[in-house]
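Please open the model in a viewer and keep the selection panel at hand.

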Amino acid sequence: MPKYLFQATYTASGEEGVRSKGGTDRRDAVTDTVQSLGGKLECLYFEFGDRDAFSIVDLPDDEAAAAVALIVNSAGGATVNTTVLLTPE
């Protein structure tokens, strides 16, 4: 299955969600979204810098990756950038 990198920047409401519900709730939300599209969350980390969090996920195809981005962006808690990951092989 193809791998994708999602890099998220939280909005003010997204930051409040992390503060009030905690990081594991955010991870569970990502897991549920990815699984609903036939994929699997490999990892999710919070980060310092230009972005607030990133995740690496396995998804069936680019359409599923686009759906994840649309779901996250339309929810209003974060904006997300999507990168297709390629193995060295």
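Partly exposed denotes a relative accessible area between the limits for buried, under 20%, and exposed, over 50%. The model on display is predicted. Across the whole structure, a search finds 5 salt bridges; the stops below visit some of them.

**First stop: Lys 3 and Glu 42.** Select Lys 3 together with Glu 42: the two form a salt bridge, with their closest N and O atoms 2.5 Å apart. This pair joins distant parts of the chain, since Lys 3 belongs to strand S1 (residues 3-10) and Glu 42 to strand S2 (residues 40-46), 39 residues apart. Glu 42 has a relative accessible area of 44% and is therefore partly exposed. Lys 3 also counts as partly exposed, at 29% relative accessibility.

**Second stop: Asp 58.** Is Asp 58 buried or exposed? At 15% relative accessibility, Asp 58 counts as buried. With Lys 3, Glu 42 and Asp 58 displayed together, a network of salt bridges is in view.

Now select Glu 16 and Arg 19, which form a salt bridge with the closest N and O atoms 3.2 Å apart. Both residues lie in helix H1 (residues 12-21); they are 3 residues apart and so separated by about one helical turn. Glu 16 is partly exposed at 40% relative accessibility, whereas Arg 19 is exposed, with a relative accessible area of 60%.

Note on methods:
Residues are numbered from 1 along each chain as its sequence is written. This is a predicted model: local features need pLDDT of at least 70, side-chain atom pairs count only at pLDDT 80 or more; totals for chains, interfaces and linings use all residues. Side-chain values use heavy atoms; hydrogens and water are left out. A salt bridge is a side-chain nitrogen of Lys or Arg within 4 Å of a carboxyl oxygen of Asp or Glu. Helices (H or I, at least four residues) and strands (E, at least two) are DSSP runs, numbered from the N terminus. Buried means under 20% relative accessible area, exposed over 50%, partly exposed in between (1.4 Å probe, protein chains only).
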